[in-house]
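Here is a friendly walk through one protein model, written for someone who likes to have the structure open while reading. Please keep the sequence at hand as well.

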Amino acid sequence: MKKIIKNYFPKLTEFVRKKRLINAASKAKIFSDGSVYYGLQQEDYEKIFFNVISSYASKYECFVNLGANTGFYVIRLAHRFKKILAVEALEENSSLLARNVSENNLSDKTIVMNCAASDRQEIIKFYGGSTGGSMVAGWNMQTEIKQIVQALPGDILYKSFIGDESDSLILIDCEAAEFQVLKGLNETIKNTNSTYIVEITCRAHMPNEIFNPQFLDIFNYMFEFNYAAKMICDDGSLVLLSNDLLQKMVEENRYDGIMVVFERDISNK
């Protein structure tokens with residue numbers, strides 16, 4: 001039975017997601033702010049996280065969304081920014097993302113890139129599809145290659161479309177590839193005072209159900225650049241993450257995933 005589930009569940013999941021995405025793409029949602037959205041998310045999607053992300057938007061003129069999916073955060077936050085870079089690897093999502101940008105008349109300030117953000121420039125295999133794809137083989141039990149996509153370091157994308165010295169709000173949702181994405185933003189992290197809001201996979205959908213082996217690497221990497229890490233709790237509050245607390249999270253192995261805000265810790269300069 002387990003073998004049957006392992007072989008067929010991923011295919012069934014992708015089929016259902018594909019069907020849902022096609023249905024969602026056929027009819028627009030009109031949100032209370034007047035924005036037009038084609039995609040799976042409802043207006044109250046991740047409301048707590050959305051409110052926290054929105055609270056940081058007023059600090060910046062630029063918004064970068066790596067793993068933008070169909071553009072929910074792009075269109076909902078667009079009025080806060082002068083320049084937006086939205087990067088999405090899966091072609092079916094990127095197509096809807098571009099449509100949402102066009103329908104909301106955001107083309108003059110939004111760049112949509114159909115590629116993957118990573119730590120190097122290369123052609124990579126992308127697993128899974130529709131609303132759930134990753135460059136990590138076996139993520140969400142997906143072992144079949146969905147697409148072959150271009151991967152680019154975030155620094156190249158950032159320099160090309162935002163600028164070397166501009167600070168930004170950077171939202172990263174890259175399904176277990178967070179460490180590679182952050183490493184690809186090395187120069188941007190070092191040279192700007194941007195804020196990074198990162199959805200970090202712990203154990204949910206990880207290959208062989210193991211806790212993310214790069215979990216601590218992510219934090220150690222950001223700590224080297226003098227960034228403090230705060231976890232967004234379910235009530236919208238922020239909890240400072242120390243090395244001891246992070247180690248405890250790994251040992252307890254009870255988190256599926258967490259949303260973390262990385263901000264430059266000026267007090268330690």
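Strand β4 (residues 83-87) is mostly covered, with four of its five residues buried. Helices (H or I, at least four residues) and strands (E, at least two) are DSSP runs, numbered from the N terminus. Buried means under 20% relative accessible area, exposed means over 50%, and partly exposed lies in between (1.4 Å probe, protein chains only). This is a predicted model, in which local features need pLDDT of at least 70 and side-chain atom pairs count only at pLDDT 80 or more, while totals for chains, interfaces and linings use all residues. Residues are numbered from 1 along each chain as its sequence is written, and side-chain values use heavy atoms, with hydrogens and water left out.

**Strands side by side**

Which strand does β4 pair with? Five bridges join β3 to β4, and the two run parallel. Two strands pair if DSSP finds at least two bridges between them. Within this pairing, V64 has L85 in β4 as its bridge partner.

Strand β3 (residues 62-66) is also joined to β10 by five bridges, again in parallel. Here L66 stands opposite I172 in β10. Strand β10 in turn runs parallel to strand β11 (residues 195-201), with four bridges between them. The bridge partner of I170 in β11 is Y196.

How many residues of β10 are buried? In this strand (residues 168-172), five of the five are. In a regular strand the side chains alternate between the two faces of the sheet. For β10, both faces are covered: S168, I170 and I172 are buried on one side, and L169 and L171 are buried on the other.

**Rings that meet**

The structure holds 15 aromatic pairs. Rings of Phe, Tyr and Trp (its six-membered ring) pair if their centres lie within 6.5 Å; planes under 30 degrees apart count as stacked, over 60 as edge-to-face and the rest as tilted. Two of these pairs are set out below.

| Pair | Arrangement | Centre to centre | Angle between planes |
|---|---|---|---|
| Y37 and F72 | edge-to-face | 5.9 Å | 80° |
| F50 and Y73 | stacked | 6.0 Å | 25° |

Y37 lies in strand β2 (residues 36-37) and F72 in helix α3 (residues 72-77), so their pair ties together parts that are 35 residues apart in sequence. Y37 counts as buried because its relative accessibility is 0%. F72, at 3% relative accessibility, counts as buried too.

Ring pairs link F31, Y37, Y45, F50, F72 and Y73 into a cluster.

Which charged residue lies over the face of F50? That is R76, at 4.7 Å from the ring centre. A charge sits over a ring if NZ of Lys or CZ of Arg is within 6 Å of the ring centre and within 35 degrees of the ring normal.

**Two asparagines with positive phi**

Most residues other than glycine have a negative phi, and most peptide bonds are trans. N69 is not a glycine, yet has a positive phi of about 55°. Where is N69? This residue lies in the loop between β3 and α3. N69 counts as buried because its relative accessibility is 17%.

N253 has a phi near 55°, a positive value in a residue other than glycine. N253 is placed in the loop between α9 (243-252) and β14 (257-264). Is N253 buried or partly exposed? At 32% relative accessibility, N253 counts as partly exposed.

The C-alpha atoms of N253 and I210 are separated by 9.1 Å, although the two residues are 43 residues apart along the chain. I210 is found in the loop between β11 and α8 (215-224). With 40% relative accessibility, I210 counts as partly exposed.
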